[in-house]
Amino acid sequence: MNSTPAFSVVTGASGGIGLEIARNLAAQRRPLVLVARSADKLESLAAELRQRHGIRVEVIAIDLSASRAADQVAAEIVRRGTVVDTLVNNAGFGLFGKHVDTQLHDEQQMIDVNITALTRLTKLLLPAMVERGRGRLLNVASTAAFQPGPYMAVYYATKAYVLSYSEALAEELRGTGVTVTVLCPGPTTSGFQDKADMHDSALVKGKKLPSAKEVADYAVKAKDIDAQTRYEHLAWMCNKAIDFVTAGEADKAMRWLCFIQGVLWTHSTFTIEEMRDHNRP
Ligand SMILES: NC(=O)c1ccc[n+]([C@@H]2O[C@H](COP(=O)([O-])OP(=O)(O)OC[C@H]3O[C@@H](n4cnc5c(N)ncnc54)[C@H](OP(=O)(O)O)[C@@H]3O)[C@@H](O)[C@H]2O)c1
């Protein structure tokens, strides 16, 4: 029997939600591979977690927007003989501004990190989990995944990709022992707003946002995409709309209702089982 402890790979672990997910997993004594660009931040987190929990923590400092960066991460994991049973695809960033004004280079990098690296890492690490009949994929999308987002057009589209990809994989992997969770946080306190240059956006300006730790703890706790979770989210959104109605803020209430309608529409056109049967090879 193989007694090598299985590792959790967390991308974007140098700050924000990813750092808190790493802390949460470490508290459960799960060995970790931390991935991001900031080697110094990763090393100092690794030292903290090794010291506090007595676990193995490895670091791979890499720019995930670079061509084939995900392949290098996967190759390094194989070279070190690290067995992985959890992949947290959290690294990502946004960009605020009119599409005609933003820089193509920045948006290409966003697609490379938010979509390409996430997909390639999944593609490369998933087969071994399926083979062992045990594993977990946790992809970080956003509430942005549910509707188009003017002034953050590419970011919203990348997150729609993450949600769609994750839900389809969840269905394909049913019964394999590998679960898929897709986390869709709303605005959260982290380095995200600085990086996206969006402190003036109405989405965050003057708002009290949840902490990265609150969101991370919720993410680790959620097991898979199931109807119950979806209904909990819808109930939360409905309550939000009702809050605005009772506060006399009709335009905000209307926006939330449109949002809920968008979510319901996304999930009611075809059920995932109908699509699976339609697309089955
Ligand atoms: N905060 C929000 O309001 C919010 C809402 C919904 C969804 N999300 C999603 O949550 C995830 C985490 O974001 P966050 O809020 O925690 O933001 P954050 O504090 O800025 O953290 C982003 C993480 O991603 C890493 N990263 C960014 N670009 C990278 C690259 N090219 N290569 C490797 N790593 C890279 C960063 O590390 P380095 O800079 O060291 O590379 C950092 O560890 C993202 O996918 C984001 O889209 C955030």
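What share of the 281 residues in the protein chain is buried? Buried residues make up 34% of them. Buried here means that 20 or more other C-beta atoms lie within 10 Å of the residue's own, exposed means 12 or fewer, and partly exposed is in between, with C-beta atoms placed from the backbone.

Some housekeeping before the details. This is a predicted model, where local features need pLDDT of at least 70, side-chain atom pairs count only at pLDDT 80 or more, and totals for chains, interfaces and linings use all residues. Residues are numbered from 1 along each chain as its sequence is written.

The protein chain has ten helices and six strands. These are DSSP runs numbered from the N terminus, with helices being H or I of at least four residues and strands being E of at least two. Of the contacts between residues at least 6 apart in sequence, 67% join residues at least 24 apart. A contact means that two C-beta atoms, placed from the backbone, lie within 7 Å.

Now the sheet. The six strands form an open sheet, ordered β3-β2-β1-β4-β5-β6, with parallel pairing. Two strands pair if DSSP finds at least two bridges between them. At the edges are β3 and β6 (178-183), each pairing on one side only. From one strand to the next the twist averages 15 degrees. Angles run from 0 to 180 degrees between N-to-C directions, and axes are lines fitted to C-alpha atoms, for helices over the stretch in contact.

Take β2, residues 32-36. Five of its five residues are buried. L32, L34 and A36 lie on one side, V33 and V35 on the other, and both faces are covered. Strand β1 (residues 7-11) runs parallel to β2 and is joined to it by four bridges; T11 stands opposite V35 in β2.

Next, V59, which sits in strand β3 (residues 57-61). Why is V59 called buried? Because 20 other C-beta atoms lie within 10 Å. Leaving out residues up to four places away in sequence, V59 touches L34, A39, L42, E43 and A46. V59 and L32 are 27 residues apart in sequence, yet 8.3 Å apart in space, C-alpha to C-alpha.

Further along the sheet, six bridges join β5 (residues 135-140) to β6, and the two run parallel. N139 stands opposite V182 in β6. Helix α4 packs on the sheet and touches β1, β4 (84-89), β5 and β6, with its direction at about 155 degrees to that of β4.

That brings us to helix pairs. Two packed helices are described by the angle between their axes and the distance between the axes.

Helix α3 (residues 69-79) packs with α4 (residues 104-132) at about 30 degrees, the axes 8 Å apart. The two are therefore roughly parallel; the cut-offs are under 35 degrees for roughly parallel, over 145 for roughly antiparallel, 65 to 115 for roughly perpendicular, and oblique for the rest. A69, A70, D71, V73 and A74 of α3 meet A117, R120, L121, L124 and L125 of α4. By class, that contact has eight nonpolar, no polar and two charged residues. Nonpolar covers Ala, Val, Leu, Ile, Met, Phe, Trp, Tyr, Cys and Pro; charged covers Asp, Glu, Lys and Arg; the others, Gly among them, are polar.

Helix α1 (residues 16-27) and helix α7 (residues 212-221) pack at about 55 degrees, with axes 8 Å apart. That angle makes α1 oblique to α7.
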